[in-house]
Amino acid sequence: MKVLYEDNHLLVVDKPAGMPTMGAEPGIQTVHGWATDYLKRRYQKPGNVFVGVVSRLDQLTTGVLVLARTSKAASRLAIQFGGPGKSKKVSTRARKLYLAMVAGDLEKDSGLPRSGTLTDSVFKDDAAHRMRVARHPRSDAQDARLNYCVIDRSAARTLVAVRLLTGRKHQIRLQFADRGHPILGDTKYGSHSRFPHGVALHSWRLLIEHPTKSERRLFAAPLPGVWQEPPFSVPSESSIESTLIADADWYDEESKI
């Protein structure tokens with residue numbers, strides 16, 4: 001696993017597909033376990049090492065993930081990611097930008113605009129270990145909203161950039177699958193297309209407020225190599241950026257999210 005950034009309060013990594021963030025069965029490597037071992041080795045710490053998980057990525061998802069190295073950082077970052085608590089030191093929310101390849105032509109097949117917002121009411125189906133869209137009012141349902149922009153499309157697949165507005169479990173996977181466009185490789189949500197490693201969902205950019213320096217920090221994880229190889233051959237990251245600037249009215253060119 002590649003370390004993207006590190007200081008006394010933060011550890012930012014590029015998570016590979018197949019590694020859970022935390023809470024796996026004994027013997028299975030997790031991001032939390034890897035980070036703990038990494039910090040022990042790097043700083044030659046014989047005792048316990050603090051690693052705070054303030055946000056998670058699904059096991060099959062790749063990309064940028066921030067961890068806290070101190071309890072102060074953990075509490076302030078948790079608030080940015082929608083967790084409980086208040087702090088005068090936290091003035092903004094974390095912002096996430098993902099890239100995803102979904103099945104089919106999003107515009108032609110579903111008539112969706114090139115750029116827009118998806119809004120649903122979602123709930124957890126514990127028996128099936130997945131999320132679902134509520135068709136009728138439910139007491140346990142929560143709002144799920146995201147911005148998206150089509151970057152590239154063909155009859156077989158569409159590359160979309162996605163900015164989360166809420167942070168529900170499996171949110172991106174569910175909302176596109178419910179419209180008939182599951183993420184490639186995501187068999188849980190109906191994909192019949194194979195993907196070499198995990199699913200075609202990548203946490204591309206993350207914007208947070210540094211927990212102690214009162215300044216915004218942008219972190220980015222490059223696309224995995226398989227995305228740029230046939231048959232996927234997605235556009236370059238500079239081309240993706242240009243499309244966002246041109247077509248996504250929700251995209252903030254200054255912050256890059």
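User: How many helices and strands are there in the chain, and what makes a run count as one?

Analyst: The model is predicted, with local features needing pLDDT of at least 70, side-chain atom pairs counting only at pLDDT 80 or more, and totals for chains, interfaces and linings using all residues. Residues are numbered from 1 along each chain as its sequence is written, and side-chain values use heavy atoms, without hydrogens and water. The chain holds five helices and 11 strands, which are DSSP runs (H or I, at least four residues, for helices; E, at least two, for strands) numbered from the N terminus.

User: Why is the chain called as compact as a globular protein of its length?

Analyst: Its radius of gyration, taken over C-alpha atoms, is set against the globule rule, 2.2 Å times the number of residues to the power 0.38. The chain has 18 Å, close to the 18 Å given by the rule for 257 residues, and is therefore as compact as a globular protein of that length. The C-alpha trace spans about 55 × 45 × 40 Å along its principal axes.

User: What makes a residue buried, and which residues of helix H2 are buried?

Analyst: Buried means under 20% relative accessible area (1.4 Å probe, protein chains only). In H2 (residues 71-80), Ala-73, Ala-74, Arg-76, Leu-77, Ile-79 and Gln-80 are buried. Across the chain, buried residues make up 51% of the 257 residues.

User: Which strands do the buried residues of H2 pack against?

Analyst: They pack against strands S2 (10-15), S4 (62-68) and S10 (201-209), contact meaning heavy atoms within 4.5 Å. Just after H2, Gly-82 takes a positive phi of about 90°.

Terms used:
Buried < 20%, exposed > 50% of the residue type's maximum accessible area, 1.4 Å probe, protein only.
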